[in-house]
Amino acid sequence: MLAAGQGGAARESAQTGLHAEHGHNAAQLLDSRQYAPGSGGKRSANCLSIYVQRPPYQTASPTPPAGLLAVIDRRALIGFVGSAPLLVAAGQSNSTPPPSTVLFKEFAAAHFGPNVQRVYSAGYAAVGRYAAAYVVDRGQEDVSIAGQALLASLRSRGVEKSDIEYATEKVRQFESRFRARSADGRWFVLNETDPTAGHFGAVGDATYDAVSGLYRGTDDTVALQALVDWSLFWDRKTAVIRIGGGAYRTTRPIYVGRNTDYHSVTIVGEGVPFGPGFAGTKLFADHDAGPALALSGILRGGVRDLGIFGSSGHWIDSNGLGQLGRTPSVDDVSLSTWSNPATPRQAESRYAPYAGIAIDPFRGKRPPNGYDVESDVPRWLGTADHYGQEFASTELAIERVAVRGFNTAFAVQPCASDGNGDFIRFRDCSANSCVHGWSIGNSQSRAVELHTCTANGLHTVIDTAAHGARNGCLQGRVTLLSVSNAIGIFNFSNGLATVGPAIFENLYCEAVYRLGTLGAGSTADSALAFVDCQLGFQLVGPRGIPRFLLGCEQNSGYGPGGAQGRIRFERCRFADFGPVLTLLAATRFTDALIDPIAGKPQEPWRTEALRSMAGGLITAGLTLPVADADLRYTDPTKRTIETIANSATVYSPAATRGEERIRNLDKAAFEQVQYAAPEWRFTLPATTAPIKAGDIMLDLTSGLVFFVRETASSGLSTSVVAIQQNALDRSGFTRFTSFVSTAGVVVLAY
């Protein structure tokens, strides 16, 4: 029954759980205020002045309340709404009822008389889950029922025929997912101020089978899309769209805007679920056809308080990728192994990553291998394609959102157009069991901020060179980011000159393999800074030793490939990195601590090498900046803290620390060369400066590091045996197959 105060005689069918109301016909909509104020009774060229009532529809007055007269631009005409309803008279009833409480999707089985104007689902007057009121949608009513009277009234008041025909055609075009049609052809629309997905028929009963990796439950895609479309259609530019609690399975993307206009929309769940005992809102993207949520042209909106789960997490988790304490079934250092072979290649492509949230994925022209978007775009949008326009988001807030099981958790502008997509704030978010955590595609996607976020089980946490134009601009601050079980923190291979100044503050790394990759064009002064960071590389060892912890793929040694950008570490601790800490860039240290893995005493040649390098530090050219070098390190055998402050060089034996003892060797002069990783053998003429056990060699063309294990002199030549220290897999075989042992230059610290 209706709540007290709603007035009128009411009757609720005990059989159906329905409550229906009748009302006047559409001719009563119009009164003397039909023309725009100040128009002198004349219509403007492109406007049709009619009474349009937006949700919630009025229920008390038979005439339009003051202030609800609207001048509607012809291009945005949204239909006609019925007058205030009268309640069903006693003794009247509806015909064949639906089988249960009337939810949105059950209208297809319901019959209503031709005069019914309003329908209430059971529980509306009391506490009922998703109980709602629905009203006749005049925009979809057949002209023969209600439209004839309206059109006759328009004609009698001198409205031109062309405008009448235009209006009639427009209202016929507004079919959409949020409109429900009854079995007898009547159209109804939700009449609530703050609906959730359940009002449109979503069930929220999805479950996940951790053994098979499969999702089960009702497909709620249509209902979720209806909720979003309802809000955008009624021109709620600043809408807060509440999904409601539950677990919702989807089989294609949910589009929040379709690159046809700007909106300030925020998608809100009821919290991030932490486990079986926690409530909240989950989206299960049971597909790999595109993003779970696609946000287009969002201004100062965002997403908050929900979990988004994809179909790729099972492959990553079950194969132990990036996990400490497990031996992965494939070599998870390689990016290619993180993608499920059963997933279409397009799901990991440049312009169409399978993402938890994609921001502006359709901006600009359709690129090659772009997203395959829905074919049934609502006709009221006026377009059949998402691509082709330039609506770019800005100032979004993604807050308290957990994403798991995608190629990319959060993708900013994976599109072919470069503009805005900037000032995106990620707060209290998490990325888990994905290939990429945060991907920034284009150079205008600048000032991206991460604060108090977590990442676990990723290949790369932040990537600016994977998607879109592959020239992403971070130019932001990353604070209180906690990372565990990741191969790399960042991929800035497009160069710091593009990425812009990037600052990591209070970065906590536990069980990572390396910091990341820089580009050869990284030329900005102090473009990358780490402040108060704890950097633990526990994945080194179980997966072998990386070629560099921070460097450049193209040429990891020195020069352009060594990443020319000034890298700054302030009050940072490096821990558990294995034999060498390879930071192949021009690097500054201020109050940094180098703390390698503790272990039993090493062979004398290895101990000498490690003590000569402040516990294992390798920088570009085996040199350190003079003014800023402020390092403490833990001796690998004695476990005592030693300090190197403002020294000219680190790379010299402990007894003669401070002397410049670095020189270049031309590998063309090497003789009797044999290389079978990890061992490199060669001889040098006796005229060459002496080499002894414990010396360090850095190959400038590959970035490979060798320790000299032993030497032997015959008077005419010196034979050398050097052992490779980096770019090794867990079995001791080299990961880098392009090393040339007979050409190029080696830097020797002796």
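Predicted model: local features only at pLDDT ≥ 70, side-chain atom pairs only at ≥ 80, totals over all residues.
Student: Start with helix α3. What should its 13 residues span, and what is the distance between its end C-alpha atoms?

Tutor: At 1.5 Å a residue, α3, residues 221-233, should span 18 Å. The end C-alpha atoms are 18 Å apart, which agrees.

Student: How many of the residues of α3 are buried?

Tutor: First, the general idea. An α-helix has 3.6 residues a turn, so residues three or four places apart point the same way. In α3, 12 of the 13 residues are buried, so the helix is largely enclosed by the rest of the structure. Among them are T221, Q225, D229 and W230.

Student: Which residues are buried in α6, and what covers them?

Tutor: In α6, residues 604-612, the buried residues are W605, R606, T607, A609, L610 and S612. Their cover includes three strands: β43 (696-699), β44 (705-713) and β45 (717-724).

Student: Which residue with a positive phi follows α6?

Tutor: That is A614, with phi near 55°.

Student: Turning to aromatic rings, how is a pair described?

Tutor: By the distance of the centres and the angle of the planes. A search of the whole structure gives 28 aromatic pairs.

Student: Where do Y354 and F406 lie?

Tutor: Y354 is in the loop between α4 (313-318) and β18 (355-359), while F406 is in the loop between β19 (397-404) and β20 (408-412). The pair therefore ties together parts that are 52 residues apart in sequence.

Student: Are Y354 and F406 buried or exposed?

Tutor: Y354 is buried, with a relative accessible area of 1%. F406 is buried too, at 0%.

Student: Which residues do ring pairs link into a cluster?

Tutor: The cluster consists of F490, F492, F504, F530, F569, F574 and F589.

Student: Last, the cysteines. How many disulfides does a search of the whole structure find?

Tutor: The search finds 0. C453 is in no disulfide, and the nearest cysteine sulfur, that of C429, is 4.9 Å away. The cut-off for a disulfide is 2.5 Å between the sulfur atoms. C453 counts as buried, at 1% relative accessibility.

Methods
Residues numbered from 1 in each chain as written. Heavy atoms only, no water. Helix = DSSP H or I, 4+ residues; strand = E, 2+ residues; numbered from the N terminus. Expected span 1.5 Å × (residues − 1). Buried < 20%, exposed > 50% of the residue type's maximum accessible area, 1.4 Å probe, protein only. Contact = heavy atoms within 4.5 Å. Phe/Tyr/Trp six-rings, centres within 6.5 Å; stacked < 30°, edge-to-face > 60°.
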